[in-house]
Amino acid sequence: MSDIRVLALVGSLRAESVNRKILDAVLADAPAGVAIEIAEGLEHLPFYNEDIDTDDVAPAVRKFRQEVAEADRILFVLPEYNGTMPAVLNNAIDWASRPFGEGAIKGKAVAVVGAAGGQYGGTWAHQDTRRSAKVAGANVIEDIELSHAFAWGTDPAEDAEVVAQFAAAVAKLAAYEGIA
Ligand SMILES: Cc1cc2nc3c(=O)[nH]c(=O)nc-3n(C[C@H](O)[C@H](O)[C@H](O)COP(=O)(O)O)c2cc1C
């Protein structure tokens, strides 16, 4: 049987991103039967604009939509910015949601996890991402919830217990077989 292809969309672009580092740690020890790929270059997607969403759409958008379409599952890994999801992910969801009713994200099994420095671990951002992905047509797995709150100066990617929690969420996403 071929591997379940999980496309990971990371909501932080910075080199030292805690979320990216946690994902990298999960990737280094991916659950058996799961192939995780990171959607690189989300920062190169133009801001969504219906006027440029034409047959001649930007190459970055074409590539991104193809990656989403080819994935079996979508994993969002993000911090919280000012009480919601980082704009780069909001924009990516908008591109994946169109053409209306036929967007690449339609029907995809989606899970949303992440880590943030605030005391709630980015819960609002994660809730908003679930709602947005659902409106965009995704099949959001609501009972995969992981909003890890970390203390400043600590590195959750170095904490094997935290990495194991994220790996378990990925394994649950990969094992998802639809609504009973
Ligand atoms: C613009 C901005 C807004 C932020 N807003 C929040 C917030 O609303 N809630 C929160 O828990 N952390 C917030 N933070 C702190 C982030 O959780 C923290 O910087 C985290 O490390 C970012 O994730 P990263 O390490 O993957 O880049 C914010 C950080 C930035 C840069």
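This is a predicted model: local features need pLDDT of at least 70, side-chain atom pairs count only at pLDDT 80 or more; totals for chains, interfaces and linings use all residues.
Start with the overall layout. Five strands make an open sheet in the order β2-β1-β3-β4-β5, and the pairing is parallel. At the edges sit β2 (34–38) and β5 (139–149), each of which pairs on one side only. From one strand to the next, the twist averages 20°.

Now zoom in on β4 (109–116). Its partners in the sheet look like this:

| Strand pair | Sense | Bridges | A partner pair |
|---|---|---|---|
| β4 and β5 | parallel | seven | Ala 109 and Asn 139 |

**What covers it**

Two helices are worth a look here. Helix α4 (residues 123–135) lies across β3 (73–77), β4 and β5, and runs at about 165° to β5. Helix α5 (residues 160–175) packs on the sheet too, touching β1 (4–10), β2, β3, β4 and β5, with its direction at about 180° to that of β5.

As for β4, eight of its eight residues are buried. In a regular strand, side chains alternate between the two faces of the sheet. In β4, Ala 109, Ala 111, Val 113 and Ala 115 point one way, while Val 110, Val 112, Gly 114 and Ala 116 point the other way.

**The cores**

The largest nonpolar core has 30 residues, and Leu 75, Val 113 and Leu 173 are the ones touching the most other members. At least two residues of this core come from each of β1, α1 (18–28), β2, β3, β4, β5 and α5. The top contributor is α5, which gives eight residues. There's also a second, separate core of 29 residues, with Ala 39, Phe 76, Ala 92 and Ala 133 among its members.

Back to Val 113: setting aside neighbours within four places in sequence, its contacts include Leu 75 and Val 77, along with His 126, Ile 144, Leu 146, Phe 166 and Ala 169.

**A buried lysine**

One more spot to check is Lys 108, in the loop between α3 (87–96) and β4. Which side chain of opposite charge is nearest to Lys 108? That would be Asp 72, 6.1 Å away. Lys 108 is buried yet has no salt bridge, because a salt bridge here needs a side-chain nitrogen within 4 Å of a carboxyl oxygen. Leaving out neighbours within four places in sequence, Lys 108 is in contact with Val 68, Ala 69, Glu 70, Ala 71, Ile 74, Ala 138 and Asn 139. Asn 139 is also the bridge partner of Ala 109.

Notes. Residues are numbered from 1 along each chain as its sequence is written. Side-chain values use heavy atoms; hydrogens and water are left out. Helices (H or I, at least four residues) and strands (E, at least two) are DSSP runs, numbered from the N terminus. Buried means under 20% relative accessible area, exposed over 50%, partly exposed in between (1.4 Å probe, protein chains only). Lys and Arg count as positive and Asp and Glu as negative; His and the chain ends are not counted. Contact means heavy atoms within 4.5 Å. Two strands pair if DSSP finds at least two bridges between them. Axes are lines fitted to C-alpha atoms, for helices over the stretch in contact, and angles run from 0 to 180 degrees between N-to-C directions. A nonpolar core is a set of buried Ala, Val, Leu, Ile, Met, Phe, Trp, Tyr and Cys residues joined through side-chain atoms within 4.5 Å.
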